[in-house]
Amino acid sequence: MDTSRVGHVPSRDLVHRSHPSPERLPLNSKATPPAASRGNASPPPAPASKPANGAPVDVSGVAELSKRVIGNVENAIVGKRKQLVLSMVAWLSGGHILLEDVPGVAKTMLARALAKSLGCHFKRVQCTPDLLPTDVTGTSIFNQKNSEFEFRPGPVFTQILLADEINRATPRTQASLLEAMAEARVTVDGKSYTLNPPFLVIATQNPVDHEGTFPLPEAQLDRFLMRFSLGYPSIEEELRMLDLLQFKHPVDSMTAVATAEQLVAAQQAIRTVHVDPRVRHYLLQIVHQTRNNENLALGGSPRATIALFRCSQAMAAIRGRTFVTPDDVKKIIAPVMNHRLILRPESRLRKLTTEKVLEEILSEIAVPTISS
């Protein structure tokens, strides 16, 4: 497969700015924004463009890019191919990931390995009850020499942000991430700053430790595109992990196999994946069934419908197809939907889970036949 066309796309050219006024800060900036930006001015947006050879990015380039990234991450994380594919689906879809799992199963390593594989800037925030919103977004500091306030960007000004143990932060601090997650920008002191693409938040939380935590409300959980867990490795996988870690950490020796610009181009390319009207109707049936299911107090929202649609396009592209099949929808239904559904109390008493409810819904809906 010829993937050279993906690599020549300037990332800035593919960013569609719905808010032309916010400025973009350098990822490693610790200085005040330029004087022109203080009035929320920004340079004129670059025209949307194609790769250097003038041809649009094709789906085969997305599949090859994903294969390289996943293969590179597997040099450090053993036996988690399914979770790595889901991570790529979320990243290509422009969404964010919530990793809910016990301590020590490589949640942080996954975020670092993804950043290393694409040469993206990576920052980590260790969430604690005393963490303030400005510790995440940044704050304005008075410069006595210049007699004016200077904005110091926080760790959110990066490309991959790891919010470790997010449920230990207070609701106010948790909410400081919402604008960045939804609109890829940050507003501080009435001024907006656009984050450099591709922007990805990977938040972690430990389900077994509830003391001193602030559980994410359902409305905030809905902002995450996917929620899944890594799980424990098998004996064979853990033996290989010991071999990898014997002399040094495998992430430290990882090199980039693609660029952030290539990923941004791939994010645009997946939107060209065809979704047949019958698959769209199948997808909508699933979401609407969750709203009318007797075991659920709350079903999927229109945001869940959009998430399923976009993730199914990304899954098809990763598999090298230019069209979505019902199997693509089934593959991503659980991580996209399980944190958006609320069980009724009586259903919880019967030991039901959202995954089981989704399996029942899928078994009741006729699967459309899509010919290639």
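Colleague: Where is Pro198 found?
Modeller: The model is predicted, so local features need pLDDT of at least 70, side-chain atom pairs count only at pLDDT 80 or more, and totals for chains, interfaces and linings use all residues. Residues are numbered from 1 along each chain as its sequence is written, and side-chain values use heavy atoms, leaving out hydrogens and water. Strands (E, at least two residues) and helices (H or I, at least four) are DSSP runs numbered from the N terminus. Pro198 is in the loop between strand S8 (191-194) and strand S9 (200-205).

Colleague: Which kind of peptide bond joins Pro197 and Pro198, cis or trans?
Modeller: Most peptide bonds are trans. Between Pro197 and Pro198, omega is about -5 degrees. The bond is cis.

Colleague: Is Arg227 buried or exposed?
Modeller: Arg227 sits in strand S10 (residues 226-228). Buried means under 20% relative accessible area, exposed over 50%, and partly exposed in between (1.4 Å probe, protein chains only). Because its relative accessibility is 18%, Arg227 counts as buried.

Colleague: What separates the C-alpha atoms of Arg227 and Ala334?
Modeller: Along the chain, Arg227 and Ala334 are 107 residues apart. Their C-alpha atoms are separated by 8.5 Å.

Colleague: What is the phi of Ala184?
Modeller: Most residues other than glycine have a negative phi. Ala184 lies in the loop between helix H7 (178-183) and strand S7 (185-188), and counts as partly exposed at 27% relative accessibility. Although Ala184 is not a glycine, its phi is positive, about 55 degrees.
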